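Please keep the sequence and the structure in view while reading.

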Amino acid sequence: MDNTLNVLLIDDDQVDRMAAIRTLNKRGARYNITEAATASAGLKLALEQNFDAILLDYHMPGMDGLEVLRFLRTEANKRVAVLMLSRQDDDALAERCLDAGAQDFLLKDEIDHRRLTRALRQAQHRNMMEEALLASRNELLQLVEHDILTGLVNRRGFERALSAAASRVKRGGCRLAVLLLDLDDFKSVNDTDGHEVGDSLLVEVTRRLSLAVRDSDLLCRFGGDEFVLLIDQFDSDDQVLLLADRLIEVLQEPYVWGDKSHIATASIGVAIYDRSMSAVTDLLRFADMAMYQAKQAGRNQSRVYSSSLGDAALNRNRIKFELQNAVANNEMRVFYQAQIRVSDGSLGGMEALVRWQHPVLGLLSPASFIAIAEEVGTIVDIGNWVLVTACKQLGEWQSKYPALCQNLSLGVNLSVVQTSSKTLPQALNEALEMFDLNISSLEMEITESALIKDPDAMTTVLTELVEKGAFLSLDDFGTGYSSLEHLKIFPISVLKVDRGFVDGVGKDKKAEQLLVAIIALAKALEMKVVAEGVETQEQANFCSRHGCDLLQGYFFSRPITAEAFEASFLNLT
């Protein structure tokens, strides 16, 4: 076995080189020594050839030994045992050399054969141990930074890649974009078909996405149903947008397991770095904002981050934070909108509608905050407060105007989150007892979009309310989630036709035909029909002529305060 060590000696002093060679060759030692008289020449040899060890002089003109060492370790990633040689007896210098990756630091004046050969052997052994440690670290890093199920880079690996890309961007070396992809309604796959099918779907999604992106793009999985794509090689923004469209398209083909199939759509948020952004690392947050907008817009599409979107997100965060104390700060208001009987034009009922009297932004409609309240859970407190406030007001009106109000119905909107809360039955019972109301005075209004989220649980809760005597009203019927199955499953007594059909009266023949059909269907099922969004005499006449029971809309009254409602519809003397 050949134990000859290949050693590179880099030293600008010829006398010192000769002394080092003589020292090594004493006592028949076996070394194959290559000399370099300059740092640049030595660096070139070190990069082109393989050596067991390098003897490196610290003090050299042009580039000192420490600079050579740092280049080998960081830029070239060259792993070779390095002994730094110097005439300076300087502990601080020795520490800097060791920190930069040298295995040892020797003073030239103290070198003898025994010390130098031992230092070379120890340095080589220490370097081997460091290489093994580095390999183990890299293997561990591979496990830590990769998703087990899909094999993709995970969040930790993405953050490291983004940080490295940020450095390249600062040097002007590339452009940068982040695409955040979230599968739509993936939870239903796990809930309906089980996690094994869900995992299979994620693996297939990974395969399709991987085929759609370039080798230079970094596809990551953040866990759950969320994927991220990091792109740093593109010429125009349009390339990124076209890629987002392609990713949505490749997911459209159904996924088949046995006799079951599933279509996995996705919502994608796109953020492209520009110099106006404060930090490259904000890209992920911006992509998340855009992805949320894609979800809100109906899913299965992409949205691109813009400064206006950022402003909207800041406003949304403000609303989310301030909503938590809105009820406690007495900022919520209940407005009432009249429902007019078709039979005689009298007041037949009213709907309680929440508003937020924001101390800075003014009076806010439900569209400004209800979705956020549902997301953060404050809708339960808000909904229960509206229920109690509306019941109190109805109780006062029934006492003050018994003949007029005894048979009036009060519509109160229920959020799906509120309905799922265990506090609803208690809040309802307390409100009824507190204000001596009969539950039959209430119409509990719920939308079809709420019904589809958890139909089994909703059936149980709503059936219980109806059995106690409440009437169930289905709001916004005819919009995106309409299903005749809902009319069969749920104990619905009142059908509220969406304003979109009413608005078509006199303008859209098909909308008129659908409106007539919906009214006829409700009548066949012995339901009371309320037409929403009535704004003209023509619409009122049409709905009356085709069998609606109640009309509601701006033609009769906007939602108004309790005081204004009483003056307009109750205090008629």
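In which sense do strands E1 and E2 pair, and over how many bridges? E1 and E2 (residues 31–36) pair in the parallel sense, over six bridges. Two strands count as paired if DSSP finds at least two bridges between them. Within this pairing, Leu-9 stands opposite Glu-35 of E2.

This is a predicted model, in which local features need pLDDT of at least 70 and side-chain atom pairs count only at pLDDT 80 or more, while totals for chains, interfaces and linings use all residues. Residues are numbered from 1 along each chain as its sequence is written, and side-chain values use heavy atoms, with hydrogens and water left out.

E1 (residues 5–10) also runs parallel to strand E3 (residues 53–57), joined by four bridges. Here Leu-8 has Ile-54 of E3 as its bridge partner. Because five of its six residues are buried, E1 is largely enclosed by the rest of the structure; buried means under 20% relative accessible area (1.4 Å probe, protein chains only).

Over the chain, 47% of the 573 residues are buried. There are 23 helices and 21 strands, taken as DSSP runs numbered from the N terminus (helices H or I, at least four residues; strands E, at least two).

The C-alpha trace spans about 120 × 55 × 40 Å along its principal axes. The radius of gyration of the chain is 37 Å, whereas a compact globule of 573 residues would have one near 25 Å; the radius is taken over C-alpha atoms, and the globule rule is 2.2 Å times the number of residues to the power 0.38.

Technical notes:
Buried < 20%, exposed > 50% of the residue type's maximum accessible area, 1.4 Å probe, protein only.
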